Amino acid sequence: MSVLVLLSVLGVVLLYLGLFNNRNAIAGMGIAGLVGAFVLIAADRHLESPLFNGIIQFDTYARSFSLVMIVVTVLLFLFGIDYYAKVKENVAEQYALMVFSLIGGLLICSFTNLVVLFLGIEILSIPLYILAGGKRDSFRSGEAAFKYFLQGSFASGFLLMGLALIYGATASFDLAAIEAFSTALAGGRDMIFLLGLFLTIAGVAFKVAAVPFHFWSPDVYEGAPTLITAFMSTVVKTAAFAAFYRLIANLQLPGAVETMLVVMTICTLFLGNIVALRQTQFKRLMAYSSIAHTGFLLLAFLGADARTPEVLFYYLGTYALATVGLFIVLTLAKRAALGDENIRIFRGLFRSDPWIAVATLFMLLSLAGIPLTAGFVAKYRVFVIGLTQGYLWTTVVAVVMAIVGIYYYILVVREAFTAQDREGKPIVVAPLNWLVISICGAAVVVLGVMPGLLRM
Amino acid sequence: MIAALLLLIPFLAGLLLVIVRPAQARPIALVTSLASLAVVLFAWISYTGGTVIHYEHDWVNAWGLRLVVGYDGVGLLMVILTGVVFPFIIGAGYGQVSDRPALFNGLLLFTQSFLFLVFLAQNALLFYIGYELTLIPVFLLLLSWGGAGRRAITVRFFIYTLVGGLSLLFGIIYLLVQSGGNGDLSALANLTLPASTQLWLFWALFLAFAIKLPIFPFHSWQPETYYMAPLQGTMVLGAVMLKMGLYGVYKLVFPMVPAGVEYWQTTVIALALIGAVYGGIIAFRQTDFKRLVAFSSLSHVGVLCAGLFAWNAYGISGSFYQAFAHAILVLGMLYLVGAMQERTGTTDMGAMGGLKGHAPRLAALFLLVLVNAVALPLTQSFVGEWLMFAGLWQVSGWLTLFALTTIVIGAIYMLYAYQRVMLGPDRANLSMADASTRDHLYLVPLIAVTLILGVYPGPILELVDAPVQQLLTSLSVH
């Protein structure tokens, strides 16, 4: 509980710091606050005890995902120091909104009551609508914000309707009571409950950008400021997946819902990877790659495997590390190429800074799932779950799609290791960015060789 | 200890080269590879038979990955091959234009280390990890130092290989799940899967190796990649990397899915031989020396694979024996390609001709390398091919006859190449240097190995014989 209070106060303090317009102080304060939150959670002795009349429970599961989100936010704030250096106004608001969004993230990975799920998702999303439109003079940024807001509202509507129907069927918002209801129902039919589950899952699937609820993601990823895109594809994605799994983990899912999940998994894998093949803009590529990874993560959901939380945690954590690093590299390359976002802008990276190029190589290989990187371990464990749970053909699709996936990452690797032939300045890496990229690049290899280090 | 040395010597030296980038990169790399060779020879001398496990350590037990390294006779042969070949590959760099030599040689050493990992791994996942890792330094070698069209060709090569790799991974995971999470090869070999499963699992496992070798119809990445790659890159691909395919079949396909092998045996042999004949015919039509070597390699590999799938003692031993011979042959041929290019500035055979008059010693060396290529008796290739055909004969007489035509075709295109390069009117009109000390230092040991092993194949056949017999008996038990 104290961590929620701390973060809320932190957000407000950041807003007030904005009055002094000292950017380094704002970022420093934000990072200090987040480190404080990290320590609070890590040192919390009252784990497992329900909070607020039993609507929140900070168990090991919630704690692990919260820690990942906080660490990634710290990395993004470190990046923010350089990213916002040239921005004239409203810097404090950006940091504060990210902190508020993070609070929503913490709520939805620790909920035990569906009302908190809804509130958490809204707290997570509303700051994002604003952040996506953070570049006020940019047309695309406004478009992204508007699209995200409109479609997000629809998703919220679905979710709310679904929760209402579930309440109608079970007469409770409490997750344990609903689980008990689904177990008692086992095999029987209850149309209201079923429809409620469908709509709720659709609402959450929107947040994780699973097909067919993915339409917002490429446009929003492309239009939003890069830092916010990175935030969305890491922290928000982690939170949404944590919530999704928390919601369905112990439910006795009716057959129709299981089928829906399998179809959703296959479609997501297929569409994300195939469409990514045609992308030449890096941010859109990352958007579709993010959809593709959603597909792999969904595969881990199928069947009730005891290892799923562990695998989700590892997958999301390492995915976030690789993604943050890549978005930073993108920002630097984009700056050197005067605003272009085509993957060609990575040309010459190896010549201008070999170490950063190698770190980029590691991160891309990790996303592609090449052995000895964390991404390989993550995919491998997902495949094992898929096969153990008997989803042979879905796993085959996933393996084939993993192959397709390698192709578009390799195209980016190829650019990074080709000599520069474009106009513009060489790629310059500020020390702080260098540090964050190095951390991310090294982490995916270290965690790939010693997967035991990242455990719930 | 031996395993640790083999893995670490090249890896650490490679790391040193890549990070420090010393000026004397090539001598350092050469010395490193000679040190590895010394370790390899020591391993050979101290080998007394059976499966030796050098090091065993739990890595991530929960999902069947353990660090188990060691070798049986066939594995040791592959280790020897890798150890022998790399000093030559690095040495070949002396005739080449060098751009960023430290990085280049560093990547070569990384490749060697990962190859050792593949041949030493006694755990299916560890094998897979090594198998994929070798790809990364080679990918960067081809991408940064390759010839024209490298960007597209390299990506195609990479994707092809990874398609196979992931299908292999899928097969391995399937096996792991069946075995209850124990990934050691010895444990997986004890699985008895239903025949219907083995039929498809065979392709999941074999596809990777079919692409790596490559056999027809999975070969379309190969000729262009060989042609475009820098000379030393082609040497790595042709001399060692494709042997991972043979070794993988022996290690992962034969023991795990014997019923699948039995069912698909004839199909694979037929495909391999089609590739062999097809590669040979196309090689004959080439006007470029390096392309000719690429297609001849395709042809040879087809025969290697057919011999392996004869699936009896003659065929398997012959195939591995020939694999060694082929590695030596590829080094020799490609070195000659490099030597010609150094002198004439091209690899186009149309621009050569009559070079014997200028460089009689080089021509003699060329001819000596060539006799191995056409499998003349008393050369190493003859032993290998004889064994393979004897093995194939037990499968089918007609297939053997078909396979024998590759020898004829091979002789035709090789001798024709010699004719076009060395004999005839002097088209190049160059005053070129004859074979230098460096050329002799390089080619004479290769030729010596060929001839010695052609007359006295015992040491290598002994290595291979026992494990192959053991494999075949264990299969007949199933």
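Is B:Asp184 buried, exposed or partly exposed? I started my notebook with this residue. The model I am reading is predicted.

**Entry 1: B:Asp184**

I counted 19 other C-beta atoms within 10 Å of B:Asp184, so the residue is partly exposed. A buried residue would need 20 or more. I then looked up its place in the chain, and B:Asp184 sits in the loop between α7 (150-179) and α8 (185-189) of chain B. Which residues does B:Asp184 contact, leaving aside its neighbours within four places in sequence? I wrote down B:Arg66, B:Val68, B:Gln122 and B:Asn123. For B:Val68 I also noted the separation: 116 residues in sequence, but 7.8 Å in space from C-alpha to C-alpha.

**Entry 2: strand β2 of chain B**

I next turned to strand β2 of chain B, which covers residues 65-71. I found 5 of its 7 residues buried, so the strand is largely enclosed by the rest of the structure. Strand β1 (residues 52-60) of chain B pairs with β2(B) in the antiparallel sense, over 7 bridges. I looked up one partner by name: B:Ile53 is bridged to B:Gly70 in β2(B).

**Entry 3: where chain B meets chain A**

How many residues of chain B are in contact with chain A? I have 21 from chain B, in contact with 21 residues of chain A. On the chain B side, α5 (124-133), α6 (135-145) and α7 each supply at least two residues. The largest share comes from α7(B), with 11 residues. By class, I sorted this side of chain B into 18 nonpolar, 1 polar and 2 charged residues.

I noted that chain B is divided into domain 1 (1-250) and domain 2 (257-478). Their C-alpha centres lie 21 Å apart. The contact between them takes 41 residues from domain 1 of chain B and 44 residues from domain 2 of chain B. Which helices of chain B supply at least two residues each to the domain 1 side? My list is α3 (73-91), α9 (195-212), α10 (222-228) and α11 (231-256). Of the elements on that side, α11(B) gives the most, with 11 residues. The classes on the domain 1 side are 28 nonpolar, 11 polar and 2 charged.

**Entry 4: B:Leu401**

I looked up a residue in helix α18 (residues 397-422) of chain B, namely B:Leu401. B:Leu401 has 12 C-beta neighbours inside 10 Å, and therefore counts as exposed. The cut-off for exposed is 12 or fewer. I also checked B:Phe389, which is 12 residues from B:Leu401 in sequence and 8.9 Å away in space, C-alpha to C-alpha.

**Entry 5: helix α9 of chain A**

In chain A I looked at helix α9 (residues 216-223), which is mostly covered, with 7 of its 8 residues buried. Among the buried residues of α9(A) I listed A:Trp216, A:Pro218, A:Val220 and A:Tyr221. A:Glu222 is also on the buried list. What covers these buried residues? The cover includes α5 (114-132), α6 (139-170), α10 (226-248) and α12 (282-301) of chain A.

**Entry 6: confidence**

Last, I checked the confidence for chain B. Its mean pLDDT is 89, and 98% of its residues reach 70 or more. I kept one caution for reading: where pLDDT is low, the predicted coordinates should not be read in detail.

Definitions and conventions: Residues are numbered from 1 along each chain as its sequence is written. Chains are lettered from A and ligands numbered from 1 in the order in which they are written. This is a predicted model: local features need pLDDT of at least 70, side-chain atom pairs count only at pLDDT 80 or more; totals for chains, interfaces and linings use all residues. pLDDT is the predictor's confidence in each residue, from 0 to 100. Helices (H or I, at least four residues) and strands (E, at least two) are DSSP runs, numbered from the N terminus. Two residues are in contact if their C-beta atoms, placed from the backbone, lie within 7 Å. Ala, Val, Leu, Ile, Met, Phe, Trp, Tyr, Cys and Pro count as nonpolar, Asp, Glu, Lys and Arg as charged, and the others, Gly among them, as polar. Domain bounds come from an automatic or database domain assignment. Two strands pair if DSSP finds at least two bridges between them.
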